Amino acid sequence: LSQLQTANDKTISVLQFVDMADIDLVSFESSYYVSPDKQVNGYALLAEAMRSTDKVALCRFQMRSRASLAVLRLQGDTLVLTTLAWADEVRKPDLDLVTKAAQVELKPQEVAVAKMLVESMTGPFDATSHRDDYTVAVKELVDAKQAGKPAPHVELPPSPEEVDGLLAALQASLAAKKQAVA
């Protein structure tokens, strides 16, 4: 296996430039900020070329002794490298179920309620308004153990009620949303 490893360098090789819309988001894995090593002019030139052409770079680079595929994209003035799963690593959906779902005849009332739910829950994305409850609970547990205190009680959120049918689920969700606002 050691003979299969390639040289571990920090080079990011651009394979081609593509439209971001051509890359299926299901392939995205982890993102990393890219900063210039010494070639500040080259970094700025690449960023400006990508900005003006509205393209992203499909790249290959070395990570943990293995070649990785990635997309290099511009976020503001910063280049961001997002690793991609190789094509054979992306699981395909069960197309029989997708075909059946596409053939379902929807009632106008169901569509109207679903649209109302989407509209009532639409807002700007703010990553700081969401938290990883598991990580917070683990930190509280570690802090308590370090202080010699018993483990804190963790309150789990209640399980959602069983609802028969999507329309009923959407209506229950809308009612819960209205109750939370009131």
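Author: A salt bridge is a side-chain nitrogen of Lys or Arg within 4 Å of a carboxyl oxygen of Asp or Glu. This model is predicted, and local features need pLDDT of at least 70, side-chain atom pairs count only at pLDDT 80 or more, while totals for chains, interfaces and linings use all residues. Residues are numbered from 1 along each chain as its sequence is written, and side-chain values use heavy atoms, with hydrogens and water left out.

Reader: Why is the contact between arginine 51 and aspartate 77 called a salt bridge?

Author: The closest N and O atoms of arginine 51 and aspartate 77 are 3.3 Å apart, and the limit is 4 Å, so the pair meets the definition. Arginine 51 lies in helix H1, whereas aspartate 77 lies in the loop between strand E4 (66-75) and strand E5 (78-84), so the pair ties together parts that are 26 residues apart in sequence. Helices (H or I, at least four residues) and strands (E, at least two) are DSSP runs, numbered from the N terminus.

Reader: What makes aspartate 77 count as exposed, and arginine 51 as partly exposed?

Author: Buried means under 20% relative accessible area, exposed over 50%, and partly exposed in between (1.4 Å probe, protein chains only). Aspartate 77 has 59% relative accessibility and therefore counts as exposed, whereas arginine 51, at 37%, is therefore partly exposed.

Reader: How do you know that glutamate 48 forms a salt bridge with arginine 51, and how are the two placed in helix H1?

Author: Their closest N and O atoms are 3.2 Å apart, which is within 4 Å, and therefore the pair qualifies. Glutamate 48 and arginine 51 are 3 residues apart in helix H1 (residues 40-53), which means that about one helical turn separates them.

Reader: Why is the pair of aspartate 133 and arginine 131 called a salt bridge?

Author: The N to O distance between these side chains is 2.6 Å, and since the limit is 4 Å, aspartate 133 and arginine 131 therefore form a salt bridge.
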